[in-house]
Amino acid sequence: MNEYKLVTVIETAEHVYIRIFVNNNLINPEGLIRLKHEELDQLFKDLFKGSKGKCIRLRCVHS
C-alpha cells in the first residue's frame, strides 16, 4: 500500500502550493503544484481513504 505526504510549501488566501511524496519519493520535482484550498482538502480526503489512513498533511516551515 502506498504512503502519501502532502507538504504545503506556500499558502495564500486563494491557493496552496504543495509537494507530493509517494513512498518518500517526490513525484513533482519539476515544481510546486498549485491547488485551491478546497481542492487540497478533497485530494487529502481521497488519498486518505484510498490508502486506508496512510496519508499525512505537513507544512514546510522556513526559518
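Me: Happy to look at this one with you! Which backbone oxygen lies 2.8 Å from a polar atom of the side chain of N28?

Reply: This is a predicted model, where local features need pLDDT of at least 70, side-chain atom pairs count only at pLDDT 80 or more, and totals for chains, interfaces and linings use all residues. Residues are numbered from 1 along each chain as its sequence is written, and side-chain values use heavy atoms, with hydrogens and water left out. At 2.8 Å from a polar atom of the N28 side chain sits the backbone oxygen of G31.

Me: Which residues does N28 contact, leaving aside its neighbours within four places in sequence?

Reply: A contact here means heavy atoms within 4.5 Å. The side chain of N28 also has a polar atom 3.3 Å from the backbone oxygen of I18. With neighbours within four places in sequence set aside, the residues in contact with N28 are I18, R19, I20 and I33.

Me: Is N28 buried or exposed?

Reply: Good one to check! Buried means under 20% relative accessible area, exposed over 50%, and partly exposed in between (1.4 Å probe, protein chains only). N28 has a relative accessible area of 4%, so N28 is buried.

Me: How many disulfides does a search of the whole structure find?

Reply: A disulfide is a pair of cysteine sulfur atoms within 2.5 Å. The cysteine sulfur closest to that of C55 is in C60, 17 Å away, which is too far for a bond. The number of disulfides found in the whole structure is zero.

Me: And is C55 buried or exposed?

Reply: C60 counts as partly exposed, at 32% relative accessibility. The relative accessible area of C55 is 3%, so C55 is buried.

Conventions:
A polar contact is a pair of N or O atoms within 3.5 Å; within protein, one must be able to donate a hydrogen and the other to accept it, and residues adjacent in sequence count only if both atoms are side-chain atoms.
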